[in-house]
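Good morning. I will go through one chain today, starting from the overall layout and ending with a few side chains. Please have a look at it on the screen before I start.

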Amino acid sequence: MAFLLPFGGMKGGNMQTMTYVAEHGEDSGKNFCITKMPVMKAEKWAAKALLAIMHGNPEIPEEMASMGIIGLFQVGLNGLMRCKWEDVEPLMDEMLEYVEIIPDISKPQVKRRLFEGDIQDVRTILGIRKAIWDFNTSFLSEGAAQKLT
């Protein structure tokens, strides 16, 4: 299990960044800074993801699209795994726009965009994607999601 740590930036009382510490293979010990998506961007991302999920899973009710990020939270990340690659690829690319590597943990303020080769273990990228998902939907507990629907 990778570590998810609060990282620096607090804005308006809300944590805006977190650190993901990889634990697998050649990536073990590498640190990645994940920045929370801005609310409007997250809502648009969720709407695109829901539409892709609905396109790939016709059994999902159409009203889920109007629920935005709440509907996406209820369907879950696994819904994306049943979609066509051409629908999912841009969403996956967008997720990584909010990830930077921290090359030297003794200088956590020094970060840079990810390059091909920064991640060597597939478990790391999957863990980062899950962390992005969890971080951007952390405000929704199961009970809160039910109250908002």
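How many of the 149 residues of the chain, in percent, count as buried? The value is 39%. Please keep in mind that this is a predicted model, and that the values I give are computed from it.

Now the layout. The chain has five helices and seven strands. Reading from the N terminus, the order of elements is β-β-β-β-β-α-α-α-β-β-α-α. As for contacts, take those between residues at least 6 apart in sequence: 55% of them join residues at least 24 apart.

Strand β4 covers residues 17–21. Are its residues buried or exposed? Five of the five are buried, so the rest of the structure largely encloses this strand. The cut-off behind that word is a relative accessible area under 20%.

Which way do the side chains go? In a regular strand, side chains alternate between the two faces of the sheet. In β4, Thr17, Thr19 and Val21 point one way, while Met18 and Tyr20 point the other way. Both groups are buried.

Strand β4 also has a partner, strand β5, which spans residues 31–35. The two strands run antiparallel and are joined by five bridges.

Next, the helices. How do α3 and helix α4, residues 122–137, pack? Their axes are 10 Å apart and the angle is about 80°. Angles from 65 to 115 degrees count as roughly perpendicular, and α3 and α4 are therefore roughly perpendicular to each other. On the α3 side, the contact is made by Met92, Met95 and Leu96. On the α4 side, the residues are Ile125, Ile128, Arg129, Ile132 and Trp133. Sorted by type, the contact of α3 with α4 has seven nonpolar residues, no polar ones and one charged.

Now to charged side chains. Side chains of opposite charge can pair when their charged atoms come close. How many salt bridges does the structure hold? There are six, and I will show three of them.

Take Lys41 and Glu94, whose side chains meet in a salt bridge at 3.3 Å, N to O. This pair links distant parts of the chain, 53 residues apart: Lys41 sits in helix α1, residues 39–56, and Glu94 in helix α3, residues 85–96. Lys41 counts as partly exposed, because its relative accessibility is 29%. Glu94 has a relative accessible area of 8%, so Glu94 is buried.

Glu94 also forms a salt bridge with Lys48, and here the closest N and O atoms are 2.7 Å apart. Again the pair links distant parts of the chain, with Lys48 in α1 and Glu94 in α3, 46 residues apart. Lys48, at 40% relative accessibility, counts as partly exposed.

Asp118 is buried, with a relative accessible area of 10%.

And which residues do shared partners join into one network? They are Lys41, Lys48 and Glu94.

To recap: β4 is largely enclosed by the rest of the structure, α3 and α4 are roughly perpendicular to each other, and Glu94 pairs with Lys41 and with Lys48. Thank you.

Technical notes:
Residues numbered from 1 in each chain as written. Predicted model: local features only at pLDDT ≥ 70, side-chain atom pairs only at ≥ 80, totals over all residues. Heavy atoms only, no water. Salt bridge = Lys/Arg side-chain N within 4 Å of Asp/Glu carboxyl O. Helix = DSSP H or I, 4+ residues; strand = E, 2+ residues; numbered from the N terminus. Buried < 20%, exposed > 50% of the residue type's maximum accessible area, 1.4 Å probe, protein only. Pairing = 2+ DSSP bridges. Axes fitted to C-alpha atoms, helices over the stretch in contact; angles between N-to-C directions. Parallel < 35°, antiparallel > 145°, perpendicular 65-115°, else oblique. Contact = heavy atoms within 4.5 Å. Nonpolar A, V, L, I, M, F, W, Y, C, P; charged D, E, K, R; others polar.
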